[in-house]
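Could you walk me through this structure, one selection at a time? I have the viewer open and would like to know what to click on next.

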Amino acid sequence: MARITIGAYAVISQRAHLCAGTHDIEDAAFQLHARPITIGARAWVAAEAFVGPGVTVGAGAVLGARGCAMRDLAPWTVYGGNPASVIRSRRIRFEAPE
């Protein structure tokens, strides 16, 4: 329908839905509108989450299980709920080797 771009090391979990199309609900012909989705590098779209048309999930962002993103998600931020809202920032731990 529209291009879906998935960045390096991004994870799309089971039953997540990337929906790149919608309809003009005020058009008598119910015209289809296809809009691309971008999933940034190292982002995670968790189980059963929904990403809507035209949404960019920023690099390193997380959309929690069953979350619903209808707007862009900022990089390195954790989101959850419907509609998706900010839970906290995401910081990667780099542990020293033993």
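Contact, on this tour, means heavy atoms within 4.5 Å. This is a predicted model, where local features need pLDDT of at least 70 and side-chain atom pairs count only at pLDDT 80 or more, while totals for chains, interfaces and linings use all residues. Residues are numbered from 1 along each chain as its sequence is written, and side-chain values use heavy atoms, with hydrogens and water left out.

**The whole chain.** Start with a cartoon view. The chain has 13 strands and zero helices; helices (H or I, at least four residues) and strands (E, at least two) are DSSP runs, numbered from the N terminus. Its C-alpha atoms fill a box of roughly 65 × 25 × 20 Å along the principal axes. Of the 98 residues, 32% are buried; buried means under 20% relative accessible area, exposed over 50%, and partly exposed in between (1.4 Å probe, protein chains only).

**Serine 13.** Now select serine 13, in the loop between β2 (11–12) and β3 (17–18). Serine 13 counts as buried because its relative accessibility is 16%. Which side chain does the side chain of serine 13 meet in a polar contact? That partner is tryptophan 44, at 2.8 Å. A polar contact is a pair of N or O atoms within 3.5 Å; within protein, one must be able to donate a hydrogen and the other to accept it, and residues adjacent in sequence count only if both atoms are side-chain atoms. Beyond its neighbours within four places in sequence, serine 13 is in contact with Trp44, Val45, Ala46 and Ala47.

**The core.** Next, show Ile39, Val45, Val51, Val57, Leu63 and Leu73, the residues with the most contacts inside the largest nonpolar core, which has 15 residues. Such a core is a set of buried Ala, Val, Leu, Ile, Met, Phe, Trp, Tyr and Cys residues joined through side-chain atoms within 4.5 Å. Center on valine 57: leaving out residues up to four places away in sequence, valine 57 touches Thr38, Ile39, Gly40, Ala43, Val51 and Leu73.

**Threonine 77.** Move on to strand β12 (residues 77–80), where threonine 77 sits. Threonine 77 counts as buried because its relative accessibility is 12%. The side chain of threonine 77 reaches the backbone oxygen of proline 75 at 2.9 Å. Not counting residues up to four places away in sequence, threonine 77 also touches Gly60, Ala61, Val62, Val86, Arg88, Ser89 and Arg90.

**Isoleucine 6.** Finish in strand β1 (residues 4–6), which holds isoleucine 6. Is isoleucine 6 buried or partly exposed? Isoleucine 6 counts as partly exposed, because its relative accessibility is 45%.
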